[in-house]
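Let's take a quick tour of this protein chain. Have the sequence and the 3D view ready, and we'll go from the overall build to the nonpolar cores.

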Amino acid sequence: MHANVLQDCVKRVDFAFKRFLKGDSSGNRSGKPRFKSKSRYKSLTFSAFSKNPIQGNKLMLPKFGWVKMVYHRPISDGFKIKTAVVTRKSDGYYVTLSLQDDTVPEVIPIEQVSNPIGIDMGLKSFLIKSDGSEIPIPQYYRKAQKRLKKIQKAVSRSKKGSNNRKKVVNRLGKAHKKVADTRKYFHFKTAKSLLDNHDLVAHEKLNIKGLAKTKMAKSVLDAGWGQFLSILSSKAENAGLIAVAVNPKNTSQNCSSCGTKVPKKLKDRIHSCPHCGFTEDRDVNAAINILKLAVGHPVGSKAYRVSEPIGGVGKKPTLNLKRSV
């Protein structure tokens with residue numbers, strides 16, 4: 001075993017005890033570190049590489065030598081391999097390469113954005129944009145629940161320590177991995193679609209841990225908002241674009257036209273302002289408010305979908321919106 005791999009093991013132990021004794025930057029302490037048996041230690045981190053560690057479909061791992069792999073996609077010029085994490089999963093071994101890229105573009109100033117969009121995350125739809133369009137929620141876990149339940153029942157009925165139990169546990173791991181992989185692919189595809197069409201994406205700064213403790217926990221975790229927003233932020237930075245997280249307080253309550261607070265319950269899906277007569281879907285209204293908070297001023301009318309007021313006859317709401325810079 002290479003020395004760098006063993007050093008990484010020591011780093012993990014040191015990090016675990018620091019989180020247990022001192023906590024993280026916010027002071028939140030984790031649980032007591034546990035000993036990892038052979039079956040629970042599932043990854044090795046390599047960090048010392050030769051000049052050309054990849055040749056064709058082979059990877060040179062220190063002390064291991066050349067290892068065959070299924071090459072996902074070629075590494076572009078200008079990238080340098082820094083670390084390789086070999087992970088054992090239910091359906092085989094995976095290697096994740098961390099690359100150094102010095103060609104990442106500068107992030108554009110917020111004053112120069114030309115096509116911003118605001119998004120409101122939800123459970124009825126995965127997200128709704130400030131222009132009124134939406135992306136349906138796939139619910140991969142809920143669709144796979146029947147199959148997962150059947151395999152889980154086989155696990156609980158098998159004898160602990162038996163070879164049959166190991167086989168069924170492996171089947172269960174593959175089934176869960178398929179759900180996680182399809183969800184992650186959907187997140188990458190959605191983030192790419194947003195960044196291909198917009199240079200600024202504004203979203204809520206969500207408290208995922210808090211939401212995961214409510215009655216909606218299964219739906220929230222199935223949607224995977226935290227993973228999606230992390231991917232969106234990372235991809236935006238790599239492309240020189242902007243992903244802005246704003247405080248979600250009152251974004252669903254305030255009127256996006258006049259700014260007046262219009263209290264409504266969760267079951268009320270239509271925003272109707274009694275002050276200016278503006279009527280819109282609740283989530284679209286929230287997405288517009290999120291966008292306004294991100295850019296600091298009202299943006300062009302193309303980002304809004306204006307509806308007729310319900311109270312006035314022949315009277316349309318006046319928005320007085322300025323076009324974005």
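Two residues are in contact when they have heavy atoms within 4.5 Å of each other. With that in hand, 59% of the chain's contacts between residues at least 6 apart in sequence join residues at least 24 apart. This is a predicted model, where local features need pLDDT of at least 70, side-chain atom pairs count only at pLDDT 80 or more, and totals for chains, interfaces and linings use all residues. Residues are numbered from 1 along each chain as its sequence is written, and side-chain values use heavy atoms, with hydrogens and water left out.

**Overall build**
- You'll find 7 helices and 13 strands here (DSSP runs numbered from the N terminus: H or I of at least four residues for helices, E of at least two for strands).
- The C-alpha trace spans about 75 × 50 × 40 Å along its principal axes.
- Of the 325 residues, 34% count as buried, meaning under 20% relative accessible area with a 1.4 Å probe, protein chains only.

**Nonpolar cores**
- A nonpolar core is a set of buried Ala, Val, Leu, Ile, Met, Phe, Trp, Tyr and Cys residues joined through side-chain atoms within 4.5 Å.
- The largest one has 21 residues, and Ile119, Met121, Phe126, Leu127, Phe228 and Leu232 have the most contacts inside it.
- Helix 6 gives the most to this core, with 6 residues.
- Leaving aside neighbours within four places in sequence, Leu232 touches residues including Ile119, Ala191 and His203.
- Another core, of 10 residues, lies apart from that one and includes Val113 and Ile242.

Conventions. Buried < 20%, exposed > 50% of the residue type's maximum accessible area, 1.4 Å probe, protein only.
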